[in-house]
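Subject: Structure handover

Hi,

Here is the structure I promised to pass on. Please have it open while you read, as my notes follow below.

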Amino acid sequence: MPNLDLSRKEELERHCPPLDRRLFYLVPPPVDYKILIRWPTSRDYVWRRNINHTHLAEVKGGQNWVHEKDQLWWLSGGGTHFKYEATEYIERLGNMTTNEPGDLRAAGVYQVFDVGCGVGSFSAYLLPLNIETLSFAPKDGHENQIQFALERGIGVMISAIATK
């Protein structure tokens, strides 16, 4: 263990182990974990065995977020805010910000902050437009949604969101 400044609470922070101990800090994948599906297919499909959140899928299935399809979860690009899928939502945003129909890039949009990202559909549909996203999900009853986003190849983090 490195020398830590206990007066600054450094013992509570994460530290990289010394080089000779790093091998022992690797986290093995779960049993039966399948290698991620490659992009762009991963935008729409992830392995069911990698995300065993059946209850979450049942709850969100009625919101057009995720559906079972053989050995896969199908993420349709819809959701609570994307009644007609994320592509139409993105096009409408483009229509509101520029005179070019549906073109967010022409409006100078290069980065988007996606608060409450769910399963990452908004970010997944912005990637082909070369729009970077910082996505985060709230720490609440549906926090397992970020596993869907991570399996899709979407960079996402979880954060406690307060009302104040």
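Helices (H or I, at least four residues) and strands (E, at least two) are taken as DSSP runs and numbered from the N terminus. On that basis the chain has four helices and six strands, and along the sequence they come in the pattern β-α-β-β-α-β-α-β-α-β.

Please note that this is a predicted model, in which local features need pLDDT of at least 70 and side-chain atom pairs count only at pLDDT 80 or more, while totals for chains, interfaces and linings use all residues. Residues are numbered from 1 along each chain as its sequence is written, and side-chain values use heavy atoms, with hydrogens and water left out.

Two overall values first. Of the 164 residues in the chain, 30% are buried (buried is under 20% relative accessible area, exposed over 50%, partly exposed in between, with a 1.4 Å probe and protein chains only). Taking contacts (heavy atoms within 4.5 Å) between residues at least 6 apart in sequence, 44% join residues at least 24 apart.

Now the antiparallel sheet. Strands β1, β3 and β2 form an open sheet in the order β1-β3-β2, with antiparallel pairing (two strands pair if DSSP finds at least two bridges between them). Its edge strands are β1 (45–47) and β2 (66–69), each of which pairs on one side only. From one strand to the next, the twist averages 30 degrees (axes are lines fitted to C-alpha atoms, for helices over the stretch in contact, and angles run from 0 to 180 degrees between N-to-C directions). β2 is joined to β3 (residues 72–75) by four bridges, and Val 66 stands opposite Leu 75 in β3.

Glu 85 counts as partly exposed because its relative accessibility is 32%.

Five bridges link β4 (residues 111–115) with β5 (residues 132–138), and four link β5 with β6 (residues 156–159). Ser 135 of β5 is the bridge partner of Asp 114, and Ser 135 is also partnered by Val 156 in β6. Pro 138 has Ser 159 in β6 as its bridge partner.

As for the helices around this sheet, β4, α3 (residues 121–126) and β5 make a right-handed β-α-β unit (right-handed if, with the strands pointing away from the viewer, the path from the first strand over the helix to the second runs clockwise).

Asp 114 is buried but has no salt bridge, and the nearest side chain of opposite charge, Arg 152, is 8.9 Å away. Here a salt bridge is a side-chain nitrogen of Lys or Arg within 4 Å of a carboxyl oxygen of Asp or Glu; Lys and Arg count as positive, Asp and Glu as negative, and His and the chain ends are not counted.

Best wishes
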